[in-house]
Structures are given as C-alpha cells and as structure tokens.
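Please read these points with the sequence and the model open beside you. They go through a few places one at a time.

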Amino acid sequence: ALQAALEALIDGVAPDPDRYLRSMQKDMVALGALVDDLFLLARIEAGRLELGRTPIDLTELADEAIEALAPVAERHDVTMKLVATGAVPAVANGVAVGRVLRNLLDNAVRHAPAGSVVEVAVDGTGPDGLPSVRVVDEGPGFPPAFADHAFERFTRADASRNRTTGGA
C-alpha cells in the first residue's frame, strides 16, 4: 500500500495527494512499530532485555490503556469497563505492563461481539496473594486444541487471518 501510494504521487495520478500523504504517514508509523516489535523480540530471545522496575499503580495503567483504546472500542461498538476498588501498587516496569495491557485490550475489543463489554479487573490480592489484572471479554476465544500453542511466537488460532484482520 505504501509503495502504491508513493508511485501514485510520483506519477501525479493521486486524486487527493494530502490524503495519500496522511495514509503513507500512518503506514510508516505501523511499519516502525513492527520493526520495534521485532527488535524487542530479538532482545528477549537473546536474553538481553533488561526491564527496570519501579513502583507503579496498576489501576492507573489499566485506566490509561482503556483510554488509549477507547476510539477502537467505539468503532467496534464495544464498551470497556474498569473494575477496581482503588490504587493497586506493584513494583514492575510500567511501560512493559502498559504495553501488555494495551495488547490484551486491543485483542479483546477486536474479537468481542458488537454491543458487548470488555472488563478490566484490577485486584490488589490475586489468587497467589499478588496484585492481578484480568481482561475479560465476550469474544469466542480460541479452540481448546490451540491452548498449547497460544504463546508460541507468530502463531494464530485462525491461520487464515491476514493483515486486514490485524495483529502480528
């Protein structure tokens, strides 16, 4: 898409050059994010990822993730709801935890049926006595047979999914 838009601009056949440039800019941002993700994966696999830990508030991070994904939820006619009794302190890497929360919410919203609710529950004492965050949606989930492969890199429950359905 980026190459086609660029060629249309060069050839002078783009009907709305400003719109093409804005689209190209979005494609560049997406491409940059993909490259960043691959570098992150390489550092993780090489054992060279060092995450500094500081005191954070899990409730605040969850609220920020909900706010960031509100436009996506609105487009999908999905309501997001935060369930927390107040601040939930933890010692972790806020950037990394925020990224995980946004990824979980993005997946939940994209796969939840229209008119449904995605709930983010933050609890100061989870099942093991540690703080926990749960993202609960009304989507179909994945087949039980996929459970053993769900956390392998580059796997999808539906192999027919492609760029138009999103995700990496």
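1. Does Ser 132 count as buried or exposed? Ser 132 counts as buried, because its relative accessibility is 17% and the cut-off for buried is under 20%. Keep in mind here and below that this is a predicted model.

2. Ser 132 belongs to strand β5, which covers residues 132-136. Leaving aside residues up to four places away in sequence, Ser 132 touches Ala 121, Val 122, Asp 123 and Gly 126.

3. On the surface there is a nonpolar patch formed by Met 28, Leu 31, Leu 34, Val 35, Leu 38, Phe 39 and Phe 154. Together these residues have about 680 Å² of accessible area. One of them, Val 35, sits in helix α2, residues 17-45.

4. Asp 63 is part of helix α3, which spans residues 58-75. With a relative accessible area of 39%, Asp 63 is partly exposed.

5. To find Asp 77, look in the loop between α3 and β2, where β2 is residues 79-83.

Methods: Residues are numbered from 1 along each chain as its sequence is written. This is a predicted model: local features need pLDDT of at least 70, side-chain atom pairs count only at pLDDT 80 or more; totals for chains, interfaces and linings use all residues. Side-chain values use heavy atoms; hydrogens and water are left out. Helices (H or I, at least four residues) and strands (E, at least two) are DSSP runs, numbered from the N terminus. Buried means under 20% relative accessible area, exposed over 50%, partly exposed in between (1.4 Å probe, protein chains only). Contact means heavy atoms within 4.5 Å. Patches are made of residues with over 30% relative accessible area and no salt bridge: like charges are joined within 9 Å, nonpolar side chains (Val, Leu, Ile, Met, Phe, Trp, Tyr) within 5 Å. Accessible areas come from the Shrake-Rupley method with a 1.4 Å probe; for residues, only the protein chains shown count as cover. A salt bridge is a side-chain nitrogen of Lys or Arg within 4 Å of a carboxyl oxygen of Asp or Glu.
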